[in-house]
Each structure stands twice: as structure tokens, then as C-alpha cells.
Amino acid sequence: MLAPAARKLAEENGIDPNSVKGTGKGGRVTKEDVVAAIEAKKSAPAAAAKPSAPAAEAPIFAAGERVEKRVPMTRLRAKVAERLVEAQSTMAMLTTFNEVDMTEVMALRSKYKDLFEKTHNGVRLGFMSFFVKASVEALKRFPAVNASIDGTDIVYHGYQDIGVAVSSDRGLVVPVLRNAELMNLAEVESGIATFGKKAKEGKLSIDEMTGGTFTITNGGTFGSMMSTPIVNPPQAAILGMHNIIQRPMAVNGQVVIRPMMYLALSYDHRLIDGKEAVSFLVTIKNLLEDPARLLLDI
């Protein structure tokens, strides 16, 4: 017998439930038994028993082999697949693009990152907090982008719960910064850092990944130059960030080298018109190219 909590913990950590000795009533395997098995697995010498690759990892084959290996999808991967298909089949999804000159944000970060970290007890100043704050301001100006469809109703949200996609060994997960409109840059960065740590440790809760009125994903961390992110239903839009590349740009009639990033906004055309989508993305571009606007609320 295996308690539900114990079974879930075993599956998440690659432990065979049948190999765990139960100490509960009637030999029932408890959560504590699974925790002990996990610790034993971690402390076991690598040479004694090399653990098999988790189901989410692709197996490595030798050159010339024509073997195949079938592994079950993880529950997370299966759920992600289900949501992606749902989004594609139920939404009138479009993507609009723009580019942002990151010169001012990078200069601001370079100038204040050490003082920022010292002032805010080790919290590092990254780029994501600027995008979150810019998105919050743009969502206030274009409430349809922050809305969702429920049957034949449009639900307008009077708050900005921003989902931030982070990578983990189990795949991409999207924890949510609740009431991001009330957060400063340090609180945003701290929240993202906490989510990133939890994701790597497999400790994100369902509540932390549920809800959200808008999502930001950063494919640039993996080198992506351009992509069309898929909206996370029932949300109406998602912002895609990409890598920063030094490119020649025409500025005031002169060719100069600037750090440029392509932005992508995928949106549900049933709810958001093209003009709104383009204007929303231009607002984010303007706020990031002149970050003082974020502080002055203009």
C-alpha cells in the first residue's frame, strides 16, 4: 500500500514505489519512507548503481545503432502538451512583432546593479523585472490584453498576475507573480529568483503555477532570436523575449551599433484587436527604451 502523497513524491523523484520498504501500519509506505529512500539514493556511490535517465530525457545511443526506446511522458509534459493543443484549437491566435533598443536598460542596470544588490540584501538586478514592470503598465493601458474569455463573457481583471516562464529539469513551468502591480523591481527579482530555485528543486506548488492574467517567456536565455509563443489559456496574450544582439541601427541619420532584442506578442484575436496588440507592444518598447517612464508613470 502506498499513501497518495508518498506515491506522488516517489514519482517526482524517480523512486520505484515497489522498492521502498513501508514502516506504516500494515506495511504501508509513508511519505517519510519515500523521503528516506530519496536521501539514500542521493548518498549512494555513483559506481554502485547509476540511476537510469528520467523519462523526460532523451536516451543516448551509440553511432550506428538502430534501436528504439519507449518512455512514458512525465505528467508535466503530458499536461503541457494538452494545454498547447487546447490553445491552438480554441483560440484565434496571432503574433505581432517589434524590436526594442536595450541601451538604456543595460546602462541603468550596469550603473546600479552593485548598489541595488547591496541595498536589497543580495537580490540581483536582471532584465526580467523591467519587462514585468513595463508589461504591468501596458496592461493597465490596454485592459483587454489582461482579460480572459469565460463562455460568452469577457472577464476584465483589476489586477496584474504575471506568469514568468522558468526552466526546470522537468520542463518549462510558469509560476505566477501575484499582484505584480504592487511590486517594485527588487520584489519582482526576488520572486523570480525564488521561483527559479523552487523549479530546480521540484518544489513549486500547484497554487504557485495556477492562474495568471498574462505571461512572459524568455527564449533568449537559450539563444532564441525569434519565436511565436503560444498563449496560456484562459489568458489572452503572452510576451516573448529573445536574445540581445549587437546590430547596426540608423539613429538620427547615423549608423550606430545598438543592443537589440526582438519582441513577440501572441494574442487571442477573439478578444484583442490588431490595433490594441500593436499598441500594447509599442508601449512596452517605449517604456523600455526610456525606463525613466516606468519611475515617472508617464
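Predicted model: local features only at pLDDT ≥ 70, side-chain atom pairs only at ≥ 80, totals over all residues.
Residues are numbered from 1 along each chain as its sequence is written, and side-chain values use heavy atoms, with hydrogens and water left out.

Ile-162 is also one of the residues with the most contacts inside the largest nonpolar core, together with Val-132, Leu-177, Phe-214 and Phe-280, and that core has 49 residues. A nonpolar core is a set of buried Ala, Val, Leu, Ile, Met, Phe, Trp, Tyr and Cys residues joined through side-chain atoms within 4.5 Å; buried means under 20% relative accessible area, exposed over 50%, and partly exposed in between, for a 1.4 Å probe and protein chains only. Several elements each supply at least two residues of this core, including α4 (103-119), β4 (162-164), β8 (214-218) and α7 (274-289), and the largest share, eight residues, comes from α5. Apart from it lies another core, of six residues, among them Leu-9, Ile-15, Val-29 and Ile-38.

Stepping back to the whole chain, there are eight helices and 11 strands, which are DSSP runs numbered from the N terminus, helices being H or I of at least four residues and strands E of at least two. Of its 298 residues, 37% count as buried.

A buried example is Asp-268, which has a relative accessible area of 3% and sits in strand β11 (residues 254-268). What does Asp-268 contact, if we leave aside its neighbours within four places in sequence? The list is Met-91, Ala-92, Ile-149 and Ala-236, and a polar atom of the Asp-268 side chain lies 3.5 Å from the backbone nitrogen of Ala-92.

Now to the empty space, which is shown by rolling a probe the size of a water molecule over the atoms. On a 1 Å grid over the protein atoms alone, a cavity is a set of points where a 1.4 Å probe fits but cannot get out, a pocket is an open set with protein on both sides within 12 Å along at least five of seven lines, and lining residues have an atom within 4 Å of a point. The second largest pocket is lined by 18 residues, with Lys-133, Leu-185, Pro-291, Leu-294 and Leu-295 nearest its centre, and α5 gives the most to this lining, with five residues. Ser-168, Arg-170, Val-173, Lys-198, Ala-199, Gly-202, Lys-203, Leu-204 and Met-209, by contrast, line the largest cavity.

I will finish with the backbone, where most residues other than glycine have a negative phi, and most peptide bonds are trans. Asn-179, although not a glycine, has a positive phi of about 50°; it is found in the loop between β7 (176-177) and α6 and is partly exposed, with a relative accessible area of 32%. Asn-252 has a phi near 55°, and this residue, in the loop between β10 (244-251) and β11, is exposed, with a relative accessible area of 76%. Lastly, a cis peptide bond joins Pro-233 and Pro-234, with omega about 10°, and Pro-234 lies in the loop between β8 and β9.

Notes: Polar contact = N/O pair within 3.5 Å; in protein donor to acceptor, adjacent residues only side chain to side chain. Contact = heavy atoms within 4.5 Å.
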